[in-house]
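Welcome to this short tour. Keep your viewer open, with a way to select residues by number, and follow along stop by stop.

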Amino acid sequence: MNGKNIRLLREERGMTLNQLATLSGVSKSYISYIERGMQKNPSIAVLEKISVALGIEFLELIESVNEISKK
């Protein structure tokens, strides 16, 4: 998984890291680790929380991450 893609999705929505953390209930530091590639395998539960906070379906998040990774 490429966490940079989550950052791109977050930034496309004009969200700060703090806002995503607050909305998702996932700590800011953990999201930062994901985005910077330090945490390569976040749990499905964490990804679900992030997808809800970003306002997209879980599968859309996974597909977006995969699509952006191929570019």
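Start by selecting Arg13 and Glu12, whose side chains meet in a salt bridge with N to O at 3.9 Å. A salt bridge here is a side-chain nitrogen of Lys or Arg within 4 Å of a carboxyl oxygen of Asp or Glu. Arg13 is partly exposed at 35% relative accessibility, while Glu12 is exposed at 61%. For these words, buried is under 20% relative accessible area, exposed is over 50%, and partly exposed lies in between, using a 1.4 Å probe and protein chains only.

Before you go on, please note that this is a predicted model, where local features need pLDDT of at least 70, side-chain atom pairs count only at pLDDT 80 or more, and totals for chains, interfaces and linings use all residues. Residues are numbered from 1 along each chain as its sequence is written, and side-chain values use heavy atoms, with hydrogens and water left out.

How many salt bridges does a search of the whole structure find? It finds 2. For another of them, select Glu35 and Arg10, whose closest N and O atoms are 2.8 Å apart. This pair links distant parts of the chain, with Glu35 in helix H3 and Arg10 in helix H1, 25 residues apart. Helices are DSSP runs (H or I, at least four residues), numbered from the N terminus. Glu35 is buried, at 4% relative accessible area, and Arg10 is buried too, at 7%.

Next, colour helix H2 (17-24). Which residues of H2 are buried? They are Leu17, Leu20, Ala21 and Ser24. Seen down the axis of H2, these fall within an arc of 100 degrees, so they line one face of the helix; the arc is taken from the directions from the helix axis to the C-beta atoms. Those buried residues pack against H1, H3 and H4, where contact means heavy atoms within 4.5 Å. Turn the view around to find the exposed Thr22 and Leu23 on the face of H2 turned away from its buried side.

Last stop: select Ile6, Leu20, Ile31, Ile50, Leu54 and Leu61, which touch the most other members of the largest nonpolar core, a set of 16 residues. Such a core joins buried Ala, Val, Leu, Ile, Met, Phe, Trp, Tyr and Cys residues through side-chain atoms within 4.5 Å. Helices H1 (3-12), H2 (17-24), H3 (28-35) and H4 (44-54) each supply at least two residues of this core, and H4 gives the largest share, 5 residues.
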